[in-house]
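I opened my notebook to keep track of what I looked up in this one. Follow along with the sequence and the 3D view as you read.

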Amino acid sequence: MISLYQPFWFAVLLSVFVFFFYLFSYDSSNAGKPCESDQAVLAAKNVIDTPFIVINADDYYGKEGFKAVYEYLVNGGKSCMAGFVLKNTLSDNGGVTRGICKMDEQNNLTEVVETKNIVKTADGAEADGKVIDVDSLVSMNM
């Protein structure tokens with residue numbers, strides 16, 4: 001049995017807590033407006049004082065993503081974003097939205113381009129008729 005007191009699992013538990021905190025602090029005057037991850041974090045900013053991970057409930061990240069982020073944060077990292085190879089995140093059931101990562105010569109993140117309706121093709125992937133490199137690193141909001 002894995003202890004929830006271990007830092008990694010505590011971060012996962014805290015992320016779930018932030019999500020539910022946001023749900024219960026829902027303001028019906030904003031009904032119909034999209035809810036964003038940053039709004040969830042801001043809703044809990046007064047109770048978070050340790051490193052934490054924000055995730056979306058509709059994506060599967062795999063344990064490797066959690067482990068990489070955990071290792072970075074417990075070794076003094078201040079903030080980070082997990083990158084995933086696009087071809088490993090595509091769906092057989094339709095298009096997906098991903099943040100395609102742009103990097104400089106030193107592999108520092110310079111831009112994240114939100115790209116909607118990325119679909120698998122016989123030759124790889126495309127979005128709105130534009131070919132997308134399936135080996136691109138993408139963000140799935142982790």
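**Entry 1: D92 and its partner**

I started by looking up D92, which is exposed, with a relative accessible area of 66%. Next I checked what the side chain of D92 meets: it forms a salt bridge with the side chain of K120, at 2.6 Å from N to O. The pair links distant parts of the chain, with D92 in the loop between β1 and β2 and K120 in strand β3 (residues 109-121), 28 residues apart. K120 counts as partly exposed, at 42% relative accessibility.

A note on terms: a salt bridge here is a side-chain nitrogen of Lys or Arg within 4 Å of a carboxyl oxygen of Asp or Glu. Helices (H or I, at least four residues) and strands (E, at least two) are DSSP runs, numbered from the N terminus. In general, side chains of opposite charge can pair when their charged atoms come close.

I also wrote down what I am working with: this is a predicted model, where local features need pLDDT of at least 70 and side-chain atom pairs count only at pLDDT 80 or more, while totals for chains, interfaces and linings use all residues. Residues are numbered from 1 along each chain as its sequence is written, and side-chain values use heavy atoms, with hydrogens and water left out.

**Entry 2: the other salt bridge**

How many salt bridges does the structure hold? I found two. Besides the one above, K87 and D135 meet through their side chains at 2.8 Å, N to O. K87 sits in the loop between β1 and β2 (96-103) and D135 in the loop between β5 and β6, 48 residues apart, so to speak a link between distant parts of the chain. K87 is partly exposed, with a relative accessible area of 44%, and D135 is partly exposed too, with 48%.

**Entry 3: the sheet**

In what order do the strands of the open sheet lie? I read off six strands in the order β1-β6-β2-β3-β4-β5, with antiparallel pairing. Two strands count as paired if DSSP finds at least two bridges between them. The edge strands are β1 (84-85) and β5 (130-132), and each of them pairs on one side only. As a reminder to myself, strands of a sheet pair through backbone hydrogen bonds, either parallel or antiparallel.

Then I went through some of the pairings:

- β1 and β6 (residues 137-139) run antiparallel and are joined by two bridges; F84 has V138 in β6 as its bridge partner.
- β2 and β3 run antiparallel and are joined by seven bridges; C101 has V112 in β3 as its bridge partner.
- β3 and β4 (residues 124-127) run antiparallel and are joined by four bridges; T121 has G124 in β4 as its bridge partner.

I looked at two hairpins as well. The hairpin of β2 and β3 has five residues between the strands, and N107 takes a positive phi near 65° there. The hairpin from β3 to β4 goes through two residues.

**Entry 4: helix α3**

I checked the length of α3 (residues 62-74): at 1.5 Å a residue, its 13 residues should span 18 Å, and the end C-alpha atoms are 19 Å apart, which agrees. The expected span is 1.5 Å times one less than the number of residues.

Which residues of α3 are buried? They are G62, G65, F66, V69, Y70 and L73. Seen down the axis, the buried residues of α3 fall within an arc of 135°, so they line one face of the helix. That arc is taken from the directions from the helix axis to the C-beta atoms. The face turned away from the buried side carries the exposed residues K63, E64 and K67. An α-helix has 3.6 residues a turn, so residues three or four places apart point the same way. Just after α3, G76 takes a positive phi of about 100°.

**Entry 5: the core**

I turned to the largest nonpolar core, which has 17 residues; L86, L90, I118, A125 and I132 touch the most other members. A nonpolar core is a set of buried Ala, Val, Leu, Ile, Met, Phe, Trp, Tyr and Cys residues joined through side-chain atoms within 4.5 Å. The elements that give two or more residues to this core are α3, β2 and β4, and the largest share, three residues, comes from α3.

Leaving aside its neighbours within four places in sequence, A125 is in contact (heavy atoms within 4.5 Å) with L90, I118, V119, K120, K130, V131, I132 and V134.

**Entry 6: L109**

My last stop was L109, in strand β3. L109 is partly exposed, with a relative accessible area of 44%. Apart from neighbours within four places in sequence, L109 is in contact with M81, C101, K102 and M103. The C-alpha atoms of L109 and M81 are separated by 9.4 Å, and the two residues are 28 apart along the chain.

Terms used. Buried means under 20% relative accessible area, exposed over 50%, partly exposed in between (1.4 Å probe, protein chains only).
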